[in-house]
Amino acid sequence: MCKFANQKVKEQIGNSANICNPDDPARQNEIFFKYNNAILEFDKISTNANDKNRREFKLRFYPSINSIASTGLEIKHSPITVRPRYFEAKQESCAIGQSCTKPIQANITNGTIYDNKIYADKYLLKVDYPGTTYYFNLAKNYNIVNDSNPIVLKSSNDNNDSFMPIIPFDSANIASIVLKDAHIKKYLQDYFKNPSYDYTKHCSDSDEVLTMDKANIRDSVTGKIACQTPMQNFIPVTPKGVESAISYKDSIDKDARVNVVLNNIDPDNKNFTFAYRIYPQLQAQASNFNKQNIAKYYTDDINIEITPSFSSGVSLDKFVLEQDTNALNRAYANEIKLENGVFKIKVSKEELNKYFKTKLDELNDNTKTTFTFLNEASNMSYDNVSRYEAIVKKDKRINSLIIANENANEIPFTFYYTKKAPIFTLNNVKIKVLKNAQLANDIEQTQSVGVKFVSASPFFKDVKVSKGSDNASIDETHLDIKPMLNYLDSDKQYKEFIYQAKTSKEEAWSADCANANKVCYRKLPSSKLPGYEAKFLSDYGLDITSGTNVLKIKNTKQKNSAYIKDTIHCFGGEFNCDTSFTIEFKND
């Protein structure tokens, strides 16, 4: 600059004196621009010390050549920040459900990142569930990674931090470990000695962990590039320590009234109150966490085979197996067909993954780490299924991650017989899950069941009305004529159920009823007893009204007759009544 100015002065006024000293250290590295607009272009700039002057330069403005002797108007340019296109990092994840630490290996090119370190303010488990991306905090030294607890990495393993890539579920191939770099943010805040400095004046910021494609594209409006140095590749998580298993649960009566399965249910009543319900569970067990069950992401549809075995020659053609639409938060079968004595079932991965999605939503809390999920106690309810008791809500979950034998995919089925038949027993049920891309081998279990199937109907005893009365009332007080539920025994004779008075649906049966040695009905204080809910028809057209546990019959059309014996037909209702009884009226 001085050389240029001195030369111009000599040419213009012939003065040989210098207006400034070109050897003055303060005037070194000055470059002259005589333009209203100028673009400064730099070759590759690094963080090396010899690039410091280029990164941290000043601009001086001189209104004329003669003013060059002064310092001019000086504007100090903010330092040019530098970052590479990407950084590399590798880490091995913990086995599913295991609390462990694993080192992070970083590869950082010297001279391209401030202080030659990665400074990360987020350390996350990224789960790319179809349509939604979830981020879960991984822990460093048992705490969330942030500005107060950052990760600082060099191109070596020379740190003593405990990095905890704890994986709380079987995420198959949709999860990865990611680090969000913030070294430019840190550099600028340190440079200006202001932890609140607005570093976005220099580059664009994002809470999202950016890929290389997104991070290295200059914004078309602001002209800025992302502050964040992206990872070359996110670290893929390969689930380890997971075993597959089947668990079998069943229920006989959702209202806990009988200890057997009733065959002749009303085919138009799609509640199928008394049908046999099967709840096979597909379990993914963490072998490193006491084989507790974990949520699992399915990459493929599964095929299941269910083979029932009976005590006598019962034809499966008269059985129906269908999905139980009364079940909550479970996976439903997409296809069921009967082939050669085997029910073949297909369940789509979309159905199976509904539960995994529910688990992701449940654990989605940015104030916690995956380490916390393994150790935090939290009572949460689930649908409990018990064979002879009502399906009720119970708090059984150990914590927000593990639910001891309940954290699994349940696929509910309704299984019922469509024909009237003498009592028979379902001895066992074999369930097989066929191998696929995620299952190296078939999973098979044969469950001993011992559930009895009966054809039942309410039976009313014949009624003799008191002489001179034209009304009859049948209720619980009439012990000799009240209706009783009967079933068809192995000799094709009808026998009465054993009625047991209980205070609640959860109160245990007697031993004979619990072991199904006897056919039993649970009578609760508020029970609506079998028979009264049916429809009734009189041969002679008597007036019949029914209510809760009461049946009233009035002789309205034959009052002048000395003697009337009518037949009352019972049909339909919840127990599909198909019996009849007689009633007698006498006037003399």
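1. The structure holds eight cavities of 30 Å³ or more, a cavity being a set of points, on a 1 Å grid over the protein atoms alone, where a 1.4 Å probe fits but cannot get out; a volume is the space filled by probe spheres set on the points, which are joined across faces, edges and corners. This is a predicted model, in which local features need pLDDT of at least 70 and side-chain atom pairs count only at pLDDT 80 or more, while totals for chains, interfaces and linings use all residues. Residues are numbered from 1 along each chain as its sequence is written, and side-chain values use heavy atoms, with hydrogens and water left out.

2. The largest cavity has a volume of about 80 Å³, and its lining, meaning residues with an atom within 4 Å of a point, includes Ser-244, Ala-245, Leu-282, Gln-283 and Lys-296. At least two lining residues come from each of β13 (242–251) and β15 (276–286), strands being DSSP runs of E with at least two residues and helices runs of H or I with at least four, numbered from the N terminus.

3. By class, this lining of the largest cavity comprises seven nonpolar, two polar and one charged residue, where Ala, Val, Leu, Ile, Met, Phe, Trp, Tyr, Cys and Pro count as nonpolar, Asp, Glu, Lys and Arg as charged, and the others, Gly among them, as polar.

4. Two or more of its lining residues come from each of β11 (175–181) and α3 (183–191), and α3 gives the most, with three residues. The lining of the second largest cavity has four nonpolar, two polar and four charged residues.

Notes
On a 1 Å grid over the protein atoms alone, a cavity is a set of points where a 1.4 Å probe fits but cannot get out, and a pocket is an open set with protein on both sides within 12 Å along at least five of seven lines; lining residues have an atom within 4 Å of a point.
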